[in-house]
Amino acid sequence: MSEEQPLLSASPRTRSFAILARVAHFRSQIYRWLALGFFPPDDALAGALESGAMLDEMNAATLWLGDDRARLAAGLGEIDRLGPVALETLQADYERFFGKSVDRVSDRESAYRWRDVSDVVGASGDVARALRQQYRQCGAAATAPGSEDHVAVELEFMAYLCAREAGAWGAETPETARQLRRQQGNFLDDHLGRWLPDFCGQIEGRPGESFYICLARLCDSWMRIEHGPGYVAGSR
């Protein structure tokens, strides 16, 4: 209760900015968990699944959605039913989905942008350069050189922008916050929204039961909420 009391005497402007800051913070949390899920699995991911930290934080981060929260229930519920997943299982499934296998699904944006241009190799380089420049302009960088168009890196960049937006609302600098919100919308329009539907749809279409199938369904549902009519949901 003590954390809420300062807001009771705050101005309507301060209260509204505090609410917007919390929403941006929650959105950042969701993007960070999705990014962690699509990075190569490690002890942090396996531990978060075993302890329930991933589900607990994502459930808490979606409470503000109201009725839209039901659209995430399937993905969250499936991950919950999977229970703890051993790191060895995560690594084997990751290799099956994203490594050198017959079931492989490309986790790079450049693999999906061939429809836009005739030069596939050139398109790959153009996408990487555009992303590298965009990250640099926002004070960010890919976790590893050459990974700019990896799904986890792009999701992590969205988490970074949302966190900066939360900070701007908290500092009561609304113009900066709105500019960051526009940058997020543009990034979805220009990048994630243009290829994530195919990516998630291909994973969801794979047979069997896997954390990554559940994660793809959750990611697809979240992006439909985030991107709205601009996002074409993955195939079922």
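Colleague: Which residue caps the N-terminal end of H3?

Modeller: Happy to start there; the model is predicted, with pLDDT of at least 70 needed for local features and 80 or more for side-chain atom pairs, while totals for chains, interfaces and linings use all residues. Numbering runs from 1 along each chain as its sequence is written, and side-chain values use heavy atoms, leaving out hydrogens and water. The backbone nitrogen of Ala 44 has a side-chain oxygen 3.1 Å away, and the residue supplying that oxygen as the cap is Asp 42.

Colleague: Which residues of H3 are buried?

Modeller: Helices here are DSSP runs (H or I, at least four residues), numbered from the N terminus, and H3 spans residues 43-51. Buried means under 20% relative accessible area and exposed over 50%, with partly exposed in between (1.4 Å probe, protein chains only). By that cut-off, the buried ones include Leu 45, Ala 46, Ala 48 and Leu 49.

Colleague: What do the buried residues of H3 pack against?

Modeller: On the other side of H3, Asp 43, Glu 50 and Ser 51 are exposed. Counting heavy atoms within 4.5 Å as contact, the buried residues pack against helices H2, H4, H5, H6 and H10.

Colleague: Which residue follows H3?

Modeller: Its phi is positive, near 85°. The residue is Gly 52.

How values were computed. Helix = DSSP H or I, 4+ residues; strand = E, 2+ residues; numbered from the N terminus. Polar contact = N/O pair within 3.5 Å; in protein donor to acceptor, adjacent residues only side chain to side chain.
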